[in-house]
Amino acid sequence: MADPATVPAAASGVPRLRAVLDDVPSYVPGRPPQAADGVTPYKLASNENPYPPLPSVLDVVARAAADANRYPDMLATGLTAAIGAHDGVPQEHVVAGPGSVGVLSQVLTAAAGDGDEVVHAWRSFEAYPIVVRLSGATPVPVPLTADGRHDMPALAAAVTERTRLVVVCSPNNPTGPVVTAAEMDELLAAVPSDVLVVLDEAYREFVRPGAGAPDAVALHLAHPNLVVLRTFSKAYGLAGLRVGYGLAHPAVADALRKTAIPFGVSTLAQAAAVASLEAEDELLERVAAIVAERERVAAALAEQGWPVPRSEANFVWMPVGQRTAELAAACAEVGLSVRAFAEDGVRVTVAEPAANDRFLEVAAAFRRP
C-alpha cells in the first residue's frame, strides 16, 4: 500500500478547492432565541418584520404553489413590469434576484474579479466582504465615522485604478444612519464614470421624511454607473421567499441577467412580491407602526444615557465595544436573541412592543454601574 504522504492530492481523496476560501469568513445568521423560564422568547437578531405577510398576499402564494411543478419565469417578467411601474423606471432597468444580496453577487460577478478591488464602509453589511472575496476581488473596508455613519470623503479617497465597485449601504446595516443626498452627489462626482457605485437600500421603507436621504431612482436615471438594490425581505415581510431587485442601466442590467442563477426567483416569490406591491398602502401602515416603535426604543435608550446612532432602519445599534458578548448574553438570559458583532457592538431588531420593552429593561440594567 502506498504511503499516504507520497500520494498526490488529486489521488488522495482530498478535493481541490479554491484557495480564496481560506480567507472567506462564513456568514453568521441571527440565532433563534433560547427558551427562558416563564417568558416568551423573541428573535431580535435578523431584522425580520414581526408581522407575517398580509392575508391577501398569502392567498396569492397558496394559488401560486399549485404550479410548483413548473419552472418559474426566469426573467420575472410580471414582477419586473410591476416594479418598473412602481418605481417609475423602464422595465429593462429592473433585474430581479434572490434577495438584494443575490443581485449584488450578480453585480460582482459581472464587474469584479482577480486583481480588482471593491470599496465599502465598515462596519456595514456582513455579507459584503464575503461576496467580494468569492468573486475573486479584494474588499477595501473604510471605517465608519465615530457616530456610525459612512465617511464619504474617505470612501472616495479609497478609489484607485483597481477599483471596480463602491458599495454604499443606506440606511447602514448594522448602525442605522442614512447617507444624505448631498453626500451621494459628492461621491458620484468623485468616482470615475467607469466604476460602478452600488446603493443598497434594503431598509429604505423605514426612512422618514426629513432624514435627508436621496431620491435613489432619480440618481439612478441620471448616473449610468449607479446600481440601486432593494428587497422585499424587510418592510414587505417576505424574507423567507428571497426576492429583491436591482435598478441598472440597460448595459449593466443585461450583464446582471447573464450572471444570474437560472430560475433563481421562485414562482411563489414573484407572485408574493407583485401582490405586496398591490397592497403597499396596507403594508406601509405596518411599517409606520415599526417606525413608531423604533422611535420609542431610541428615545428610551437616549434617556438611559446610551450613545445610540440615529437609526432610519428597523433596528438600533448599541456601540458597547468589548462588552458586546456580555450584553448579548444578558439578553439571552431573558429569552432575547440579538446580533453581536465581534467587539464592535450589538444590533437589536425592533420587534413586538413586548419584546422591545424587555430589551429596554435589559439595557437599563446593563447601563447601571
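Tutor: A disulfide is taken here as a pair of cysteine sulfur atoms within 2.5 Å. Please also keep in mind that this is a predicted model.

Student: With that rule, how many disulfides are there?

Tutor: The count comes to zero disulfides.

Student: And C169, is it buried or exposed?

Tutor: C169 is buried, because its relative accessibility is 3%, and buried means under 20%. C331 also counts as buried, at 0% relative accessibility.

Student: Let us turn to the sheet. In which order do its seven strands run?

Tutor: The order is β2-β8-β7-β6-β5-β3-β4 in an open sheet with mixed pairing.

Student: By how much are neighbouring strands turned against each other?

Tutor: On average the angle between neighbours in this sheet is 25°, with direction ignored.

Student: How do β3 and β5 run, and how many bridges join them?

Tutor: They run parallel, and four bridges join β3 (residues 117-122) to β5 (residues 163-169). Within this pair, E117 stands opposite T163 of β5.

Student: New topic. What does UniProt annotate over residues 43-359?

Tutor: The unreviewed UniProt entry carries the annotation "domain: Aminotransferase class I/classII large" for that range. In the model, the span is 40% helix and 17% strand, and its end C-alpha atoms lie 11 Å apart.

Student: What does the record say about K234?

Tutor: The unreviewed UniProt entry annotates K234 as "modified residue: N6-(pyridoxal phosphate)lysine".

Student: Where is K234 found?

Tutor: K234 is in the loop between β7 (226-231) and β8 (244-247). The residue counts as buried because its relative accessible area is 15%, where the cut-off is under 20%.

Student: How many cavities of 30 Å³ or more does the structure hold?

Tutor: The structure holds one cavity of that kind. The largest cavity has a volume of about 50 Å³, and its lining consists of H86, R204, E205, R230, T231, F232, Y236, Y245 and L277.

Student: Back to the backbone. Which residues does a cis peptide bond join?

Tutor: Another joins N173 and P174, with omega about 25°. P171 lies in the loop between β5 and α6 (181-190), and P174 is found in the loop between β5 and α6 as well. For context, most peptide bonds are trans.

Student: What is phi of A76?

Tutor: Phi of A76 is near 50°, a positive value in a residue other than glycine. Most residues other than glycine have a negative phi.

Student: Where is A76, and is it buried or exposed?

Tutor: A76 sits in the loop between α1 (55-64) and α2 (77-87). At 1% relative accessibility, A76 is buried.

Student: And what about A342?

Tutor: A342 also has a positive phi, near 45°. Its place is the loop between β10 and β11 (345-349). A342 is exposed, because its relative accessible area is 59% and exposed means over 50%.

Student: How far is its C-alpha atom from that of L79?

Tutor: The C-alpha atoms of A251 and L79 are separated by 20 Å, and the two residues are 172 residues apart along the chain.

Conventions. Residues numbered from 1 in each chain as written. Predicted model: local features only at pLDDT ≥ 70, side-chain atom pairs only at ≥ 80, totals over all residues. Heavy atoms only, no water. Pairing = 2+ DSSP bridges. Helix = DSSP H or I, 4+ residues; strand = E, 2+ residues; numbered from the N terminus. Axes fitted to C-alpha atoms, helices over the stretch in contact; angles between N-to-C directions. UniProt positions renumbered as here; feature names shortened; annotations may be inferred. Buried < 20%, exposed > 50% of the residue type's maximum accessible area, 1.4 Å probe, protein only. 1 Å grid on protein atoms, 1.4 Å probe; cavity = no way out; pocket = protein on both sides within 12 Å on 5 of 7 lines; lining within 4 Å. Points joined across faces, edges and corners; volume = space filled by probe spheres on them.
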